[in-house]
Amino acid sequence: MNITDSFTRIRLIAGTTFLEAVRQKFFNSLLLISIALVASSTFFQQFDFGTGELKFITDFGFGALFFFGSILSITATTQLFFNEMENRTALTMLAKPVYKLEFLTGKFLGAHLLMLCFTLVITVVLSGILYWREMVLLERLGNELLSNGSLIRYGDVFLFGFLQWMKFGIIAAFVLFVASFSNTNLYTIVVSFFMLIICQLQYIARDTYSGMEAGWERILVLGLGLIFPNFQLFNIGDQLVFDVEKAPAVSTVFQITGYGAFYSIAFVLLAQVNFRRREI
Amino acid sequence: MATPAICIRNLTKDFAIGMRGLKLRAVEDLCLEVGDNEIFGLLGPNGSGKSTTIKIILGLLEASTGNCEIYGKPSKLVDARRRVGFLPESPYFYRYLTGRELVRYYARICMVARAEIDAAVDSVIKLVGMTEAADRRVGTYSKGMLQRIGLAQSLVHDPQLVILDEPTAGVDPLGSAAIAEIVRELKRRGKTILLSSHLLAQVEGLCDRVAILHRGKLVREGRVDDLVEEKDAESLVVQGLNAEARAAVEAEIKAQGGRLARVEKPKLSLDAYFLKEVHRREIEHVTQQEGEEEL
């Protein structure tokens with residue numbers, strides 16, 4: 001297996017997957033809805049939150065990013081995979097000297113690239129709105145609010161976007177894993193949403209685990225905690241953007257990134273185990 | 001002795017059905033050999049195991065037992081597919097690409113050297129007669145054009161073995177004849193072609209050898225002429241005999257110890273008749289147009 005050739009094939013498959021994805025009406029609709037929702041947060045200024053308004057807009061934007069990003073990640077990855085199966089373009093592709101792992105990795109990276117675009121657009125829109133409202137607030141309340149040049153650390157808005165993107169990567173990878181043994185779109189989407197909820201609430205299992213006595217139940221909960229990634233780790237928006245003192249260390253960000261990459265790779269490899277035996 | 005293009009030995013494929021794992025046998029103890037530079041037809045009704053066999057040859061399915069080799073390499077190895085081109089039945093391609101972009105894309109997937117890609121793409125597009133439509137989007141192609149561009153993508157990396165799954169399914173007789181001519185041209189270029197088809201009349205005129213599958217088992221295999229000829233009879237095609245002469249011929253046959261089995265008018269196949277008529281009309285049309293232009 002020539003690694004350079006392998007990377008070229010993965011890049012080509014990822015490229016077509018991405019092109020297929022951005023041509024889908026669903027992606028464009030969801031992107032527009034998300035932008036509209038993030039932009040609509042400015043209408044809440046009539047409540048006169050003062051500087052709290054910026055916090056509100058940020059939370060609103062981060063919430064929209066997670067909510068619509070999760071939906072998009074699940075549905076787009078499912079559709080991209082099953083389009084290839086149902087239209088039998090996968091048959092043409094895999095009849096070439098292409099490894100199934102290359103095909104799956106290409107699909108994953110194409111979907112992940114789509115999520116990068118989505119995350120970038122939402123983050124840029126959110127930052128733009130925050131900047132505009134910040135200027136308005138500074139004009140109204142004066143420069144005494146400024147601590148270090150601005151009220152918001154815009155780099156952290158993008159850092160949060162990056163961490164969410166890593167999370168979308170895990171979602172796309174486990175969607176591929178489910179799709180690798182599933183026969184229908186619907187089954188894949190439903191199971192993936194259940195997994196999303198489990199991963200989102202996984203901290204409950206971790207809390208339970210810490211309060212449990214040694215025994216098989218503790219081992220079971222520990223096992224579940226390891227199988228399902230903990231999505232709460234990625235939700236550090238509160239520590240970012242505003243609070244300089246609580247800001248997470250760079251090493252923490254790297255650890256979370258590594259955690260996301262590990263689960264993404266693990267799910268793609270698990271998908272490969274199923275996909276190897278799947279009839280195309 | 002030359003290595004056969006495809007060598008299948010005692011191949012059996014079972015599919016597990018349902019939760020209880022009941023087995024459905026799709027192919028049973030199949031032995032088959034396709035020689036180099038041969039056009040080989042895989043025939044059989046629906047569900048006879050043709051597609052399963054093709055998928056095993058392409059390494060898309062693993063055999064339950066037995067083995068399959070392509071030019072001496074186990075077909076399940078990706079490396080064995082480097083010399084194989086494949087056109088699936090009713091191919092579907094990325095609709096937003098043009099024909100040329102599509103063929104180029106698959107050329108890159110097959111790692112055709114960058115310096116050779118343009119020449120390779122142009123060459124196969126010309127071979128399948130798609131030069132004029134190559135820069136149109138695939139989404140606008142007719143069924144016949146899709147088959148042709150599908151054929152082009154299967155040939156772009158210059159494979160030695162070309163596998164065509166129902167290459168003329170849903171294509172009109174003119175398109176089918178054009179595809180058949182491309183297949184003959186591939187043979188002239190030294191390629192091996194394995195094709196599965198339901199259009200037996202076309203296979204008959206095209207294939208060197210055929211195998212007939214039924215319920216996953218090999219029923220017959222051999223040269224087309226050997227399989228279809230009536231071994232104990234010969235036909236004489238004569239013209240210009242009157243009734244007396246014919247009676248004399250019949251009497252002579254009897255005198256020589258033969259038996260006149262049947263007397264019939266030689267017929268063209270409907271395929272050949274259709275192509276002859278369309279070709280004649282086409283020539284008339286062109287001549288008429290040229291005449292009008294001269295006026």
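Modeller: Happy to! A crossing is called left-handed if the near helix is turned anticlockwise from the far one by less than a right angle, and right-handed if the turn is clockwise. Please keep in mind that this is a predicted model. By that rule, helix 6 of chain A passes helix 10 of chain A in a left-handed crossing. Helix 6 covers residues 154–181 and helix 10 covers residues 250–275 of chain A; their axes come within 8 Å and cross at roughly 15°. Angles under 35 degrees count as roughly parallel, and helix 6 and helix 10 of chain A are therefore roughly parallel to each other.

On the side of helix 6 of chain A, the contact includes Leu159(A), Leu163(A), Met166(A), Ile170(A), Phe174(A) and Phe177(A). Helix 10 of chain A answers with residues including Val253(A), Ile256(A), Tyr263(A), Phe267(A), Leu270(A) and Phe275(A). Taken together, the residues of this contact divide into 17 nonpolar, six polar and one charged.

From there, let us move to where the two chains meet. Chain A and chain B each bring 20 residues to their contact. On the side of chain A, helix 1 and helix 4 (89–94) are the elements that give two or more residues, and helix 1 gives the most, with six. The residues on this side of chain A comprise nine nonpolar, four polar and seven charged.

Helix 2 of chain B spans residues 99–109 and is mostly covered, with nine of its eleven residues buried. Among them are Leu102(B), Val103(B), Tyr105(B), Tyr106(B) and Ile109(B), and also Arg100(B) and Arg104(B). Following helix 2 of chain B comes Met111(B), with a positive phi near 60°.

Four of its strands form an open, antiparallel sheet in the order 2-1-4-5. Strand 2 (22–34) and strand 5 (73–74) of chain B each have a single partner strand, so one side of each is left without a neighbour in the sheet. Further in, strand 1 (residues 6–17) and strand 4 (residues 65–70) of chain B pair over five bridges. Ile6(B) has Ile70(B), in strand 4 of chain B, as its bridge partner.

Notes: Residues are numbered from 1 along each chain as its sequence is written. Chains are lettered from A and ligands numbered from 1 in the order in which they are written. This is a predicted model: local features need pLDDT of at least 70, side-chain atom pairs count only at pLDDT 80 or more; totals for chains, interfaces and linings use all residues. Two strands pair if DSSP finds at least two bridges between them. A residue is buried if 20 or more other C-beta atoms lie within 10 Å of its own, exposed if 12 or fewer, and partly exposed in between; C-beta atoms are placed from the backbone. Two residues are in contact if their C-beta atoms, placed from the backbone, lie within 7 Å. Ala, Val, Leu, Ile, Met, Phe, Trp, Tyr, Cys and Pro count as nonpolar, Asp, Glu, Lys and Arg as charged, and the others, Gly among them, as polar. Axes are lines fitted to C-alpha atoms, for helices over the stretch in contact, and angles run from 0 to 180 degrees between N-to-C directions. Angles under 35 degrees count as roughly parallel, over 145 as roughly antiparallel, 65 to 115 as roughly perpendicular and the rest as oblique.
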